[in-house]
Amino acid sequence: MDDRSKSENPDNLDLEVIPGWNDGLEVALSAYKGPYIAGRVAAQHKTVCDILIPGGMVQAAISGAMRRAGKQPVVGDFVVLLDQAEINSYTIVDILPRKTCLARGSTGDGSDEQVIAANIDTIFIVTAVGNDLNLRRLERYLTIVYSSGANPVILINKIDLVDDPAQLIQETQDIAGDVPVIAISALSKDGLDKLAPYINPAETVALIGSSGVGKSTLINAFFGEAIQKTLGVREDDDKGKHTTTVRQLFLLPNGGIFIDNPGIREIQLGDSSDGIDRTFSDITDLAQGCRFKDCTHRDEPHCAVQRAVHQGLIPQERLDSFFKLTAELTFQSEKAELGLKGIEKKKYKAISQGARKYREFTGKP
Ligand SMILES: Nc1nc2c(ncn2[C@@H]2O[C@H](COP(=O)(O)OP(=O)(O)OP(=O)(O)O)[C@@H](O)[C@H]2O)c(=O)[nH]1
Ligand SMILES: [Mg+2]
Ligand SMILES: [Zn+2]
């Protein structure tokens, strides 16, 4: 009798199938012959991952070969496990192909992207009324979500704190294009019914947004009980500290799948050029009408984008945001090509060339 998974399952999950599993994954798994089973990463710890398998939750370490190859499973990944029943152990030996992949530019000195979660169908970009509601930041989130392959939905939370959210919703919808903008209160549960279309068995929804906007409160509201700690129930109430610190996958009673994320302090664009085009499709569509193919929309004659700004069709701030994100992306891809050291060299070269010109000009050493 093999009842390892049941005894190791802290939540007494009685899963029949892996949440989100599909036929394509079944085909991918069939390439592994031997004592292999599949699972889905629910959380990542220092040396092991929590993995959902039929029957419940187990823990597994990553194989040495994967570590050497630099393959790192993330929350939401479907993985192949070596099932060694005789020694009561599971080892992650591979990652099955990812359908979508949420990544951000590395915040360190390298240029590589950091994948933070995988196989997400819908991403709720959560913002809250008040200071957090920042249209420029939403444009940045949209760019990242588009390039992940998942579908974005913008949630404006805490509407219980304002008398009339209509204007906020309108301003947000103006920058969101076709992306749904839904006003809710995770606390009073107002508007939560409008999220039902996105929460389906076998579909994965991830929540992203700044710390304190109410992501975990929303997850708790769907469960009907507090499964995630929120600011209100935090013991160590140290301001500025993030309440959620671990990214984690949860199963809803209806079979829906949620991934709660820690609040994002600062998001950098990864490889998001397609994301920028989709976030700013109003600008990129207009650009078709510019006289010059490579128009930068700054001071060229016959620029359709500048014309739209003058006519008040596109706010100057939105165009500035487009410039800013595009410049950041160019910097990221230069960084990727040259490596950071190369960029620094390039900067240094420019400075020393400047100095030489100065010397040539003044005759001073
Ligand atoms: N008034 C009001 N307060 C809310 C609402 N939703 C969440 N809050 C409060 O906002 C605070 C932060 O909520 P959390 O759910 O912990 O926020 P979070 O986005 O998970 O934060 P991090 O885990 O730090 O990223 C808590 O005190 C919640 O009670 C809401 O709809 N209305
Ligand atoms: Mg949280
Ligand atoms: Zn132009």
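Guide: We begin with one term. Buried means under 20% relative accessible area, exposed means over 50%, and partly exposed is in between. Keep in mind that this model is predicted.

Visitor: Let me try the term. Is alanine 206 buried or exposed?

Guide: Alanine 206 has a relative accessible area of 0%, so this residue is buried. Its place is in strand S11.

Visitor: How far is alanine 206 from leucine 102, in sequence and in space?

Guide: In sequence, alanine 206 and leucine 102 are 104 residues apart. In space, their C-alpha atoms are 9.7 Å apart.

Visitor: What separates alanine 117 from leucine 102?

Guide: Along the chain, 15 residues. From C-alpha to C-alpha, 5.3 Å. Alanine 117 sits in strand S7, residues 113-118. With a relative accessible area of 0%, alanine 117 is buried.

Visitor: Where is isoleucine 120?

Guide: Isoleucine 120 is in the loop between S7 and S8. Its relative accessibility is 1%, so isoleucine 120 counts as buried.

Visitor: Which side chain does threonine 279 join in a polar contact?

Guide: That of threonine 143, at 3.2 Å. Threonine 279 lies in helix H7, residues 273-279. A relative accessible area of 4% makes threonine 279 buried.

Visitor: Let's turn to backbone angles. What is phi of lysine 189 near?

Guide: Near 70 degrees. That is a positive value in a residue other than glycine. Lysine 189 is in the loop between strand S10 (181-183) and strand S11 (204-208). Its relative accessibility is 45%, so lysine 189 counts as partly exposed.

Visitor: What is phi of histidine 302 near?

Guide: Phi of histidine 302 is near 55 degrees, again a positive value in a residue other than glycine. Histidine 302 is found in a loop too, between helix H8 (281-287) and helix H9 (304-310). At 45% relative accessibility, histidine 302 counts as partly exposed.

Visitor: Next, the ligand. Which residues come nearest to ligand 1?

Guide: There are 23 residues around ligand 1. Asp160, Ser211, Lys215, Thr217 and Thr244 come nearest. Sort the shell by class: six residues are nonpolar, 14 are polar and three are charged.

Visitor: Which helix gives the largest share of that shell?

Guide: Helix H6, residues 215-223, which supplies three residues.

Visitor: How much of ligand 1 does the protein cover?

Guide: On its own, ligand 1 has 660 Å² of accessible area, and the protein covers 90% of that.

Visitor: Last topic: empty space. How is it found?

Guide: A probe the size of a water molecule is rolled over the atoms, and this shows where empty space is left. Searching the whole structure finds two cavities of 30 Å³ or more.

Visitor: How much space lies in the second largest cavity?

Guide: About 30 Å³.

Visitor: Which residues line the second largest cavity?

Guide: Ile125, Val126, Thr127, Asp132, Asn134, Arg137, Leu138 and Tyr141. By class, this lining has four nonpolar, two polar and two charged residues. Strand S8 (122-128) and helix H4 (135-148) each supply at least two residues of it.

Visitor: Give me one pair to revisit.

Guide: Compare alanine 206 with lysine 189. Alanine 206 is buried at 0%, whereas lysine 189 is partly exposed at 45%.

Notes. Residues numbered from 1 in each chain as written. Chains lettered and ligands numbered in written order. Predicted model: local features only at pLDDT ≥ 70, side-chain atom pairs only at ≥ 80, totals over all residues. Heavy atoms only, no water. Near = heavy atom within 4 Å. Areas by Shrake-Rupley, 256 points an atom, 1.4 Å probe, with all protein chains shown as cover. Helix = DSSP H or I, 4+ residues; strand = E, 2+ residues; numbered from the N terminus. Nonpolar A, V, L, I, M, F, W, Y, C, P; charged D, E, K, R; others polar. 1 Å grid on protein atoms, 1.4 Å probe; cavity = no way out; pocket = protein on both sides within 12 Å on 5 of 7 lines; lining within 4 Å. Points joined across faces, edges and corners; volume = space filled by probe spheres on them. Buried < 20%, exposed > 50% of the residue type's maximum accessible area, 1.4 Å probe, protein only. Polar contact = N/O pair within 3.5 Å; in protein donor to acceptor, adjacent residues only side chain to side chain.
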